[in-house]
Structures are given as structure tokens and as C-alpha cells.
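Welcome to a short tour of a protein model. Open your viewer, get your selection tool ready, and follow along stop by stop.

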Amino acid sequence: MDRIETHASGGCQCGAVRYHASAMLDTSHICHCRMCQKAAGNYFAALVGIPRDALTWTRGTPAVFKSSDPVARGFCRDCGTPLYYDYLESRHLSVTTGSLDDPARFPPKMQFGVEGRMPWFDTLPGLPQEGTTEETMRAQVGAIAATNHQHPDHDTENWPE
């Protein structure tokens, strides 16, 4: 695992929990195992490692669920956003890539837990694409934007502003 000195921030959907990383690990991956599926509420969990000494919680603290004796998973107790996977004996923990402010910076480089991968997973790129939210939900976009409670993808001094 290569340590990459960089700066990255992220947090939950409602903004109650925020974090900053001064370094990341070159471990961006997706895990298809059933435990990660349940924790993420999705077909897989996308994760990337942060050395423990490089992680700072800058607003709030995550709630924790021990999904097994050696593993803790952090999430926002207010909005439910999954925030991390922590194999307790490791020198790092893995944040959910989607909780990063700029998740595109950390594309997955490997897959784990392939025994739980959905049998149709490889067909996803071939599915029809309906377009952007602005195109497919034209009548609702204004109301959603006007009442958006989601924290922006950057650090804020106070939230809600």
C-alpha cells in the first residue's frame, strides 16, 4: 500500500459529520461481500484507505456498528450515511468513496468479496441510459433544488449555513 500525501475531505449527506485526510492509501476498491452490501445498502461498498494518523474528524463524530468482532463501521447517526469500514487491527481505516467531496479522484483499482457480486453486475454498462436528472425529472428539479438539505461537496464553517 502506497501512502499518498494529499488533502481530501468528505462527510455525510446532512453535514453533521465531516472529516479531513492529509494522506490517502492507494487502495481504492469495491467490495461485493454480503456484509458490505448490507452496510452500504447497495450492490457493493466503494472504499479507500486513510492512514489513522492522517484522519481528522472536523465536525461531529460517527456512530459505530460492530458488524463483526474485528470490524467496526461508522455512519452518521442523523442521516444514516455510511462513512467508513474499520478492520480494527489495521493501521488504516477505509472511508466510503462516495462520502468524499471529490470521489472521482479515487477510482477503484480492485474488487473484493466477489463471491457476493451480483450475477448481472457486468451487464450494467449495457443498460439504457435515460439521461440526466435535469432531463428526466424536469418538473421536479426546481422543487428539489429549492429545498435541498444536502451538505455541499466542500468544507463549511457552519452547517446549516
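A residue is called buried when its relative accessible area is under 20%, exposed when over 50%, and partly exposed in between (1.4 Å probe, protein chains only). This is a predicted model, where local features need pLDDT of at least 70, side-chain atom pairs count only at pLDDT 80 or more, and totals for chains, interfaces and linings use all residues. Residues are numbered from 1 along each chain as its sequence is written, and side-chain values use heavy atoms, leaving out hydrogens and water.

Stop 1: Select Cys 31, which is buried at 10% relative accessibility. How many disulfides (pairs of cysteine sulfur atoms within 2.5 Å) are there? The count is zero. The closest cysteine sulfur to that of Cys 31 belongs to Cys 33, and because it lies 3.6 Å away, it is too far for a bond. Now select Cys 76: the nearest cysteine sulfur, in Cys 12, is 3.7 Å away, and Cys 76 is in no disulfide. Cys 76 is also buried, with a relative accessible area of 1%.

**Stop 2: the largest nonpolar core.** A nonpolar core is a set of buried Ala, Val, Leu, Ile, Met, Phe, Trp, Tyr and Cys residues joined through side-chain atoms within 4.5 Å. The largest one here has 18 residues; among those with the most contacts inside it are Tyr 19, Val 48 and Phe 106.

**Stop 3: a second core.** Finally, select Cys 31, Cys 36, Ala 45 and Leu 47, which belong to a separate core of five residues.

Terms used. Disulfide = S-S within 2.5 Å.
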